[in-house]
Amino acid sequence: MRNGESFESFDRVAPLLAGFRFYAPDLRGQGGAGNPWDGYSLAEQAADVSAIFQALTDPVGVAWVRQSLSWFPLLHKVPAWFIDDRVDDGTRMPGHVWKSSLGGLCSATPPTESGTIDASTLIL
């Protein structure tokens, strides 16, 4: 079983995202992407996705930051000033900080692989 997906995985969702910018790349071995013999681990494929952001340069534009936050209002209703404040914060971050932060997420051990909690737990 492969982790890879082609952009066609989103063909039924794409029409529902009118007005949003979204990226649906072909991952390694899928669609129009190359078919190398290796590089199919979760970390390697996450690095591929992270590489999409390498074109990000300083100064980071308001439109790019606002778009990167566009998912947030879909999950929770928040005041417009809150999003505006996040955009202001994001535009003060240099491009290399954005890239390094995304790279850090790619290299982090997934929570499901970081071990188990051995402490007694009460769940109500």
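Helices (H or I, at least four residues) and strands (E, at least two) are DSSP runs, numbered from the N terminus. Along the sequence, the chain reads α-α-α-α-α. This is a predicted model, in which local features need pLDDT of at least 70 and side-chain atom pairs count only at pLDDT 80 or more, while totals for chains, interfaces and linings use all residues. Residues are numbered from 1 along each chain as its sequence is written, and side-chain values use heavy atoms, with hydrogens and water left out.

**Chain**
- The chain holds five helices and zero strands.
- Of its 124 residues, 15% are buried (under 20% relative accessible area, 1.4 Å probe, protein chains only).
- Contacts are heavy atoms within 4.5 Å; among those between residues at least 6 apart in sequence, 53% join residues at least 24 apart.
- Carbon and sulfur atoms account for 61% of the accessible surface, which is about 9500 Å² (Shrake-Rupley method, 1.4 Å probe).

**Nonpolar core**
- A nonpolar core is a set of buried Ala, Val, Leu, Ile, Met, Phe, Trp, Tyr and Cys residues joined through side-chain atoms within 4.5 Å.
- The largest one has eight residues: Leu 56, Val 60, Trp 64, Val 65, Leu 69, Ile 83, Val 87 and Trp 98.
- Helices H2 (62–68) and H4 (80–91) are the elements that each give two or more residues to this core.

**Helix H4**
- Ile 83, Val 87 and Gly 90 are the buried residues of H4.
- These buried residues line one face of the helix, because they fall within an arc of 65° seen down its axis (taken from the directions from the helix axis to the C-beta atoms).
- The end C-alpha atoms of H4 are 17 Å apart, which agrees with the 16 Å that its 12 residues should span at 1.5 Å a residue (1.5 Å times one less than the number of residues).

Conventions:
Buried < 20%, exposed > 50% of the residue type's maximum accessible area, 1.4 Å probe, protein only.
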